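Subject: Structure handover

Hello,

Here is the structure I promised to pass on. Please open it alongside this note.

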Amino acid sequence: MEEEQKRTDWLGRIGRSLADYIYGMATHESTRFALKTRGSMEHLFILITMGDLLGVPILPPYYSLRLLPYVVPQISTWKRRMLREKDLTDALA
Amino acid sequence: MSLARIFRDHTQRRYIMFGGKGGLGKTTFSAATAYWLASQGKRVLVFSVDPQASLSDIFERDIYGKGAVEIIPNLYAQEIDADSHIKAYQEEIRKKILDMYGLDQIPEEIESYIQAAAAEPAMEESAIFDQVVDIVVAGGYDYYIYDLVPLGHALYYLSMASVYDQWISKITALREQMREYEQMAARFQRKKELQEDQILAELQDIKYRIQTSSGILTDREKTAFFFVVVPEEMILIDTQKAAGLFRKFDVPISGYIVNRVLPDHLLQSPNLPEYLRNRYVMQQNYLDKIDSIFGDEVLARVHEMERDVTGLPMIERLAKLMFADGAA
């Protein structure tokens, strides 16, 4: 009985790994893309809600404050990124 | 048409506002209307959205920042203390940050942002705007009377409502889109549980608050907006302009009330000074003009009183004048 149980577990594991493997091949890129897009949007989102931190005045600070606690961990990376980002004209110059 | 009849015919109008230039009697009319409604057995809250509110002065009681204070049975008055509201709000944000990340001190950069944000010129108005939502959402009254800020400011308040409205809709949409990508990734990775997006939840709450507040200002069913005018040329011109702008913001204008009208019995006095006679004739001229411009939207003419309207006995007298029932 115990032997039987072990074998099913083992088969189950193989099945799951196989499924993971196939999913990985099919969707890894899409997942990466989705997360990357979301990441960029996150920066855009902080820019339009917390722009004041960079000196871009954004309406209305009263409600921005309510969101502040949630973005505290992201603020330093976000500022670094915003100040680092260059546009095409910089490259041409 | 009379003011009393407007109230009787439209009992569903629960949000009452008086608008007009500064010093024409908005607070006086707000207080008198609250008094009249309360004496009819309605539960009324009159509250001020003006940082320089004067309800305390008219009721001759210090109600500033004390919540809804009962003046007489059924009549409650409230003056919002924006400053201490903002301070409490900042403190709440700080506490949330400390709790969320287990910090003992707010990072310097964050702290300076919290302070800078509170110093913004729009902060006080936003805070009052937000408090109004708490007041009306809490319920408990049959009528809410807004003692509004003077015209220019009221327009600012209205445009603020519509700007906030658009702002919040845009960001909420962006946040929802972000959520979709997150969900997509979670599906690919076959994660069952996705953490709730707290920012989205906050945004939806903010959106609800803003839309409640701005929704009331433009609700034709439940809101009545009255303009206060006095028979003077400048006031008349400004009021017409303002009425046009208010209409653009879809504010339901329910009528006009003329204040500071010199009483007719003055003319019977044999030794009426020339000065007063001239004022009287001038006023008649503008009263005719008011009638021809606004027609039956003019709901009441209220006499100039012999003294300031402060204290309950004067408010009662004024309420009688305002709601004297001619037509109905």
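From the N terminus on, chain A runs α-α-α. That is three helices and zero strands. Helices (H or I, at least four residues) and strands (E, at least two) are DSSP runs, numbered from the N terminus. Of the 93 residues in chain A, 17% are buried. A residue is buried if 20 or more other C-beta atoms lie within 10 Å of its own, exposed if 12 or fewer, and partly exposed in between, with C-beta atoms placed from the backbone.

Two points on the source. This is a predicted model, in which local features need pLDDT of at least 70 and side-chain atom pairs count only at pLDDT 80 or more, while totals for chains, interfaces and linings use all residues. Residues are numbered from 1 along each chain as its sequence is written, and chains are lettered from A and ligands numbered from 1 in the order in which they are written.

Now the interface. Chain A puts 29 residues in contact with 36 residues of chain B. Contact means that the C-beta atoms of two residues, placed from the backbone, lie within 7 Å. On the chain A side, helix H1 (2–50) and helix H2 (61–84) are the elements that give two or more residues. H1(A) supplies the largest share, 13 residues. By class, this side has 19 nonpolar, six polar and four charged residues. Ala, Val, Leu, Ile, Met, Phe, Trp, Tyr, Cys and Pro count as nonpolar, Asp, Glu, Lys and Arg as charged, and the others, Gly among them, as polar.

Next, two helix pairs in chain B.

H4 (residues 82–101) and H6 (residues 123–138) of chain B pack at about 85°, axes 9 Å apart. Axes are lines fitted to C-alpha atoms, for helices over the stretch in contact, and angles run from 0 to 180 degrees between N-to-C directions. H4(B) is therefore roughly perpendicular to H6(B); the range for that is 65 to 115 degrees. H4(B) brings B:Ala82, B:His85, B:Ile86 and B:Tyr89, and H6(B) brings B:Met123, B:Glu124, B:Ala127, B:Ile128 and B:Gln131. The contact has six nonpolar, two polar and one charged residues.

H9 (residues 233–248) and H10 (residues 274–294) of chain B pack at about 15°, with axes 10 Å apart. H9(B) and H10(B) are therefore roughly parallel, a term for angles under 35 degrees. B:Glu233, B:Leu236 and B:Gln240 of H9(B) meet B:Tyr286, B:Lys289, B:Ile290 and B:Ile293 of H10(B). Here the count is four nonpolar, one polar and two charged residues.

Best wishes

Terms used:
Angles under 35 degrees count as roughly parallel, over 145 as roughly antiparallel, 65 to 115 as roughly perpendicular and the rest as oblique.
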